[in-house]
Amino acid sequence: MTGEAQDGRLDGFTVPDAPRRPGEQAHFEPWTFTPQDLNRPDPKTCTSADTSEHASGLVRVLDDDGIASGAWHPNLSPDELRQGLEMMCRLRIFDDRMMKMQRTGKLSFYMRSLGEEAIAISQTMALQEHDWLFPTYRQPGCQFVRGRSMVSMINHCIGNVEDNVKGRQMPVHYTYREGHYISVSSPVGTQFSQAVGVAMASAYKGEDQATITWIGDGASAEGDYHYAVNFASIFKPPVILCVVNNQWAISTHRHFASGGNNFATRALPYGIPSFRVDGNDFLALYSVTKWARERASAGMGATHIEILTYRAGAHSSSDDASLYRPADEHEHWPGGDPIDRLKNHLITTGEWSEEKQIALEQQLDEEVVAAYKEAVTHGDLANGPWPPASTIFTEVYEEVPWHIQEQREELGK
Ligand SMILES: Cc1ncc(C[n+]2csc(CCOP(=O)(O)OP(=O)(O)O)c2C)c(N)n1
Ligand SMILES: [Mg+2]
């Protein structure tokens, strides 16, 4: 879809490369997919073969003019849509402020979800409150849906005395037990197979509890992805397996993970229904996730979803994306921006206005600033206080092994 990869041949094998590099004209083939293209099969009887067109096409509800239509229209209420818009804006403004904190030395590291805000927020809204979430660092938005406060999230990013993981994790590698949000893993990909295992456990216990997990396009090249899909295909637990194809894995183009092929069709030979979804279309994401949740509740097993989107910002605060891709590439993404698209839909249907949007953004910015001020009353990066060093040794082992005990005594903590 993004043109031919300029692959290199190297002694009899191929090294896929990005279609375009810095200094070259950014370009994506225009999308021809419409909200009318695809039917909504019955989740209780659907087979993987029934989704072959859904895996090679693109599920959309919102067209380029903000009009919602088609078999996948979820018919959410205006209040639900405004709630989704509010949370997406909350995440973007939170990210902007936190990035500024990182640039001024107040956080050690940060990662934004820029351009991908719809994913975690709409998909978590489509689930039940007690469903398990196995995210990557690019889905912090789930926590807003599950009610985590910004103060608590900032405490974590600083690693101060109120950090719920006591400074043991990198910033943005959140854990939120109360929201069934499982700790983000620094080694990418591990969560995919863990999620399948937890879904099997839920089914074994007879609970109507589904598990959703996300993996990046790059990380999907790891064995973890295939172990997870294979287990999901055989044991058919209530799991929703999402590949977030945001075109890049740091400086590595998605072609390096897939050879230029689509990610959604990979699940079909495993016998798992699979959809490719417009990842900047809040309504389409919500609807497909709801479908997968219905299928899980019906005991029909896993659903696989490729979420087609674009990582609009740099990979993290440590990255300069202009070194490896055309600087304005994100402006050419055919899927546009997820916040603009939902906002335009609400304005088109008379349920929102530009004035309300400006007021909302201002209110959210004030909330984030106030949350940061409150968080630093529990310690800042430069001066602490921080969790005591003794926490290196606590809350990991039920019975502390002798060699850990010995190390603790050596440290005098
Ligand atoms: C096992 C492992 N290998 C490499 C890394 C370094 N690393 C962190 S994020 C990342 C890129 C992941 O890209 P992708 O899976 O596409 O996710 P995205 O950042 O685009 O959301 C890499 C290579 C890591 N953390 N863990
Ligand atoms: Mg990626």
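Trainee: In which loop is the place of Pro 385?

Mentor: The model is a predicted one, in which local features need pLDDT of at least 70, side-chain atom pairs count only at pLDDT 80 or more, and totals for chains, interfaces and linings use all residues. Residues are numbered from 1 along each chain as its sequence is written, while chains are lettered from A and ligands numbered from 1 in the order in which they are written. Helices (DSSP runs of H or I, at least four residues) and strands (runs of E, at least two) are numbered from the N terminus. On that numbering, Pro 385 lies in the loop between α11 (354-376) and α12 (402-411).

Trainee: What is the omega of the peptide bond from Gly 384 to Pro 385?

Mentor: Most residues other than glycine have a negative phi, and most peptide bonds are trans. The bond from Gly 384 to Pro 385 is cis, with omega near 5 degrees.

Trainee: Is His 180 buried or exposed?

Mentor: His 180 belongs to the loop between α5 (150-158) and α6 (190-204), and has a positive phi of about 55 degrees although it is not a glycine. A residue is buried if 20 or more other C-beta atoms, placed from the backbone, lie within 10 Å of its own, exposed if 12 or fewer, and partly exposed in between. Because 20 other C-beta atoms lie within 10 Å of His 180, this residue is buried.

Trainee: Is Asp 11 buried or exposed?

Mentor: Asp 11 sits in the loop between β1 (8-10) and β2 (13-15). Its phi is near 45 degrees, a positive value in a residue other than glycine. With 4 other C-beta atoms within 10 Å, Asp 11 is exposed.

Trainee: How many of the 16 residues of α9 are buried?

Mentor: Helix α9 covers residues 282-297 and reaches 23 Å from its first C-alpha to its last. That is close to the 22 Å expected at 1.5 Å a residue, the expected span being 1.5 Å times one less than the number of residues. The helix is largely enclosed by the rest of the structure, because the number of its 16 residues that are buried is 13.

Trainee: Are α2 and α10 roughly parallel or roughly antiparallel to each other?

Mentor: The axes (lines fitted to C-alpha atoms over the stretch in contact, with angles from 0 to 180 degrees between N-to-C directions) of α2 (residues 78-103) and α10 (residues 338-348) come within 10 Å and cross at roughly 150 degrees. Angles under 35 degrees count as roughly parallel, over 145 as roughly antiparallel, 65 to 115 as roughly perpendicular and the rest as oblique. Therefore α2 and α10 are roughly antiparallel.
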